[in-house]
Amino acid sequence: MADVTFKSVKKIYDGAVTAVSKFSLSISDKEFVVFVGPSGCGKSTVLRMVAGLEDITEGDLHIGGSRMNDLSPKDRDIAMVFQNYALYPHMSVYDNMAFGLVLRKYPKKEIEARVRETAETLGLTPYLERKPKALSGGQRQRVALGRAIVRRPKVFLFDEPLSNLDAKMRVQMRKEICLLHKRLSATMIYVTHDQVEAMTMGDRIVVMENGQIQQIGSPMEIYRSPANKFVAGFIGSPPMNFIDYVVSGTSMKNGEVTIPIPEHLRSQLSKLDGKSVCLGIRPEDLQMSATPDSIELPGSVDLCEPLGSEVLLYVATCGASIIAKILNGSPSKVGDTITLYAPYSALHLFDGATGAALTRA
Amino acid sequence: MIERKRFSVREVFKHICILAVLFFSFFPLYVMFAISFKTNAQFAVNPLGFGLPLHFENWLVGWNIVRDYIFNTIFVAITSVVLTFCFTIPAAYFFARYKAPFSKFLWYFFLVLMLMPGVANLIPLFMIIKSMNLLNSLMALVVLGIAGGQVVQIYILRNFIEEIPKDLFDAAEIDGAGPIKQILTIVLPMSGSIVSTLAILQFIGVWNDFIMPMILIRDDKLLTLAAGLVKLDGEYVKLWGQMMAGYAISSIPLVLIFLFTMRLFVKGLSSGAVKG
């Protein structure tokens, strides 16, 4: 069993800078968990604490039921894949992959068998004698993966492993890592700032900001029911649109625009009468044609971005600039006055002061 | 059409400067070799040119005189260089990788040692060596060679190790390499050129050291080259040919070392200049 448990883990640098706080999470055996968040949110710090490369200031970390806080990295039975590959430049691909096994004094025959088997799986057999500098970025990252796989560790750690690859290679490697997870059935923790990677790869996503967990859930849970404005804005591409309103009786007002509050939300929002709320609408939920039970957003088109199968319209409305993702193109041009419609069922409401999700409308 | 390269005044001036520098560098060497084949009489007639017949026996006499000095010097130089690295590489690794309490203070304190003039240390060093019962022994020179090489080497190696991506050490640590393994499997293979350069520089330093052997060694047979060559200079009679032959022989090992390691040496000097 390689479940990973964090209990109120905290990391303070130099006694002053709190990088991670109140971090509690339980990762099941064979689960693929993605930590996602903007730069500096503490996701890599958490990963490095799992690896043993950073000390844990407070709290407990357990892997497979054993407390890991004081164990050195080599005794934790983990493997890590780094963003910049971290391959030993003076060693061949074979030696890079075999290094960990050699240090652990595995028999030579077993090392060779494991390295060759892994190389075969990753398509690296022709490159075993090459030095890393003679490989492409994708091949190098595969070697880094291979170096992790040959050890057959309990937990795999990935620290933004695809960030240095071009877009095409990133998609390919994303698929390979997912297939690898299925084949190895190992616990994997993957750190990224790319929400597409987070949505497509993880069984569960942990969204982080300022060293704290903002939400934990499956990709679709997080997409459909973000816990707060930060998560709503971070997950989804293009990001969710936000428009501020003030609750006024049975409606919400933004200047001249008034939206009636749906019946089922009235009792909840009545407590916020006179206070501000933030309305969140995903760009893909905005339409150009009216549907029953939808709000109207009149505005003017600032910019059109045709992407082939869809077009992104940047529309100025209610004192905000929002993005609408319109499928199958749009006849609108820059400067046109249009009305966008969003069904009530697709609206998200957040507390204007705290950003916490009030409810899914 | 082939464009012919024209020589500008600037180019000509540059080449004249280069030739002048080369002349001043090589002329003394030429003079040394030229005289080494002469008797005193030939030297008096024609001090700078080659004179016939060539007296190769000067080289045999010279070799017999400097042979012991060369072996002493090689022993001192090699032992000092090897042992110095045994201390400087781990120390540089420590300063580069670990932020222990007071390590910054320790580092600056260490750097201050670089500013100490060597001459100011002569008497204290003599006293220390005496108290260690190492006076008049080659080990005294080895110990001083090791101590003298520390500061600059640690300073340069620390900067070099800091340039090695941190992730490499992290990966090695996860792979199971402790500090010593990391030094042996990552630092050493990756710092080959800089280590070679420092080794050559220290080797030359020990090879040419004159003051310490003069002060610490009393037995003629234990002298190293720089101090020993002075003994060739007779008080009443100077045998110029034999003296120069001895000098020439003693300079050959350094020339050979430099010729064989020139590429590494140049690479080491420029390492860290641009991001690799």
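H3(B) crosses H6(B) in a right-handed sense, meaning that the near helix is turned clockwise from the far one by less than a right angle. Helix H3 covers residues 57-97 of chain B, and its axis lies 6 Å from that of H6(B), at an angle of about 35°. This is a predicted model: local features need pLDDT of at least 70, side-chain atom pairs count only at pLDDT 80 or more, and totals for chains, interfaces and linings use all residues. Residues are numbered from 1 along each chain as its sequence is written, while chains are lettered from A and ligands numbered from 1 in the order in which they are written.

**Helix packing in chain B**
- By class, the contact of H3(B) with H6(B) has 17 nonpolar, 9 polar and 2 charged residues.
- Ala, Val, Leu, Ile, Met, Phe, Trp, Tyr, Cys and Pro count as nonpolar, Asp, Glu, Lys and Arg as charged, and the others, Gly among them, as polar.
- Axes are lines fitted to C-alpha atoms, for helices over the stretch in contact, and angles run from 0 to 180 degrees between N-to-C directions.
- Helices (H or I, at least four residues) and strands (E, at least two) are DSSP runs, numbered from the N terminus.

**Nonpolar cores**
- The largest nonpolar core holds 148 residues, of which A:Val50, A:Met80, A:Leu157 and A:Ile189 touch the most other members.
- Helix H6 (residues 138-163) of chain B supplies the largest share of this core, 12 residues.
- Another core, of 8 residues, lies apart from it and includes B:Phe37, B:Leu232, B:Met243 and B:Ala245.
- A core joins buried Ala, Val, Leu, Ile, Met, Phe, Trp, Tyr and Cys residues through C-beta atoms within 7 Å.
- A residue is buried if 20 or more other C-beta atoms lie within 10 Å of its own, exposed if 12 or fewer, and partly exposed in between, with C-beta atoms placed from the backbone.
- Beyond its neighbours within four places in sequence, A:Ile189 is in contact with A:Val4, A:Ile27, A:Val33, A:Phe35, A:Leu47, A:Val50, A:Val155 and A:Leu157.
- Contact means C-beta atoms, placed from the backbone, within 7 Å.

**Contact between chains A and B**
- Chain A contributes 17 residues and chain B 14 residues.
- On the chain B side, helix H7 (166-175) and helix H8 (179-190) each supply at least two residues.
- H7(B) gives the most to that side, with 7 residues.
- The chain B side has 8 nonpolar, 1 polar and 5 charged residues.

**Sheets in chain A**
- One open sheet has 6 strands in the order S6-S7-S8-S3-S9-S10, with mixed pairing.
- Two strands pair if DSSP finds at least two bridges between them.
- Strand S6 (78-81) and strand S10 (212-217) are the edges of this sheet.
- Its neighbouring strands are turned by 20° against each other on average, direction ignored.
- Strand S3 (residues 32-36) and strand S8 (residues 187-192) run parallel and share 5 bridges.
- A:Val36 has A:Thr192 as its bridge partner in S8(A).
- Helix H4 (residues 137-150) of chain A lies across S6 and strand S7 (155-159), running at about 180° to S6(A).
- A second topic is the open antiparallel sheet of 4 strands, in the order S17-S16-S15-S18.
- The twist of this sheet averages 50° from one strand to the next.
- Strand S16 (residues 310-317) is joined to S17(A) by 8 bridges, antiparallel.
- A:Ala316 stands opposite A:Ser321 in S17(A).

**Chain A overall**
- Chain A has 9 helices and 20 strands.
- Of its 361 residues, 41% are buried.

Definitions and conventions: Contact = placed C-beta atoms within 7 Å.
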